[in-house]
Amino acid sequence: MGAMMSKKARLLDAPGLESIIYLVEGAEPLFGVTEPSAREKANAAAGRGFGQRLISRALPMPTLSTTAVHTQLISGFHIAHTQSTVHTVGLLVAMHTELLERGPPGGSQAAVLYR
């Protein structure tokens, strides 16, 4: 838990950020408030997400949900929940495209320096 808190603190201290998006990948409903759709069940049956394949394990959904709630409510991050690796890649491509279209903060072409 210490590493996660350290990462959150560094993100919160980064200059020029108006909001932070924390990505959580998992086929089950994140906050456990809805019944999974047929698509979500198919995604779960199709295999594990990218991170789960790398480390061959996953957090239990109640733990992941609690962590996401804490990250959203206490740390103030926006939570993006993706259903699968394909969904994650699609989200990241869309976010990248949007950032390219918007350009650097304040219209400046200079890099934002981090201490």
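Buried means under 20% relative accessible area, exposed means over 50%, and partly exposed lies in between, with a 1.4 Å probe and protein chains only. The model is predicted, so local features need pLDDT of at least 70 and side-chain atom pairs count only at pLDDT 80 or more, while totals for chains, interfaces and linings use all residues. Residues are numbered from 1 along each chain as its sequence is written, and side-chain values use heavy atoms, leaving out hydrogens and water.

**Exercise 1.** Classify Ile-74 as buried or exposed, and place Ile-74 in the chain.

Solution. Step one: the relative accessibility of Ile-74 is 63%, so Ile-74 counts as exposed. Step two: Ile-74 sits in the loop between α4 (61-73) and β2 (78-82). Helices (H or I, at least four residues) and strands (E, at least two) are DSSP runs numbered from the N terminus.

**Exercise 2.** Describe the aromatic pair of Tyr-22.

Solution. Step one: rings of Phe, Tyr and Trp (its six-membered ring) pair if their centres lie within 6.5 Å; planes under 30 degrees apart are stacked, over 60 edge-to-face, and the rest tilted. Step two: the count by this rule is one aromatic pair. Step three: Tyr-22 pairs with Phe-77 in a tilted arrangement, with 6.0 Å centre to centre and 45° between the planes. Step four: Tyr-22 belongs to strand β1 (residues 21-25) and Phe-77 to the loop between α4 and β2, so the pair ties together parts 55 residues apart in sequence. Step five: Tyr-22 is partly exposed at 23% relative accessible area, whereas Phe-77 is buried at 2%.

**Exercise 3.** Find the salt-bridge partner of Glu-98 and compare the accessibility class of each residue.

Solution. Step one: a salt bridge needs a side-chain nitrogen of Lys or Arg within 4 Å of a carboxyl oxygen of Asp or Glu. Step two: Glu-98 bridges to Arg-102, with the closest N and O atoms 2.8 Å apart. Step three: both residues lie in helix α5 (residues 85-102), four residues apart, about one turn of the helix. Step four: Glu-98 is partly exposed at 35% relative accessible area, and Arg-102 is exposed at 63%.

**Exercise 4.** List what Thr-88 touches (contact means heavy atoms within 4.5 Å).

Solution. Step one: Thr-88 is in helix α5 and is buried, with 9% relative accessible area. Step two: leaving aside residues up to four places away in sequence, Thr-88 touches Leu-23, Glu-25 and Thr-82.
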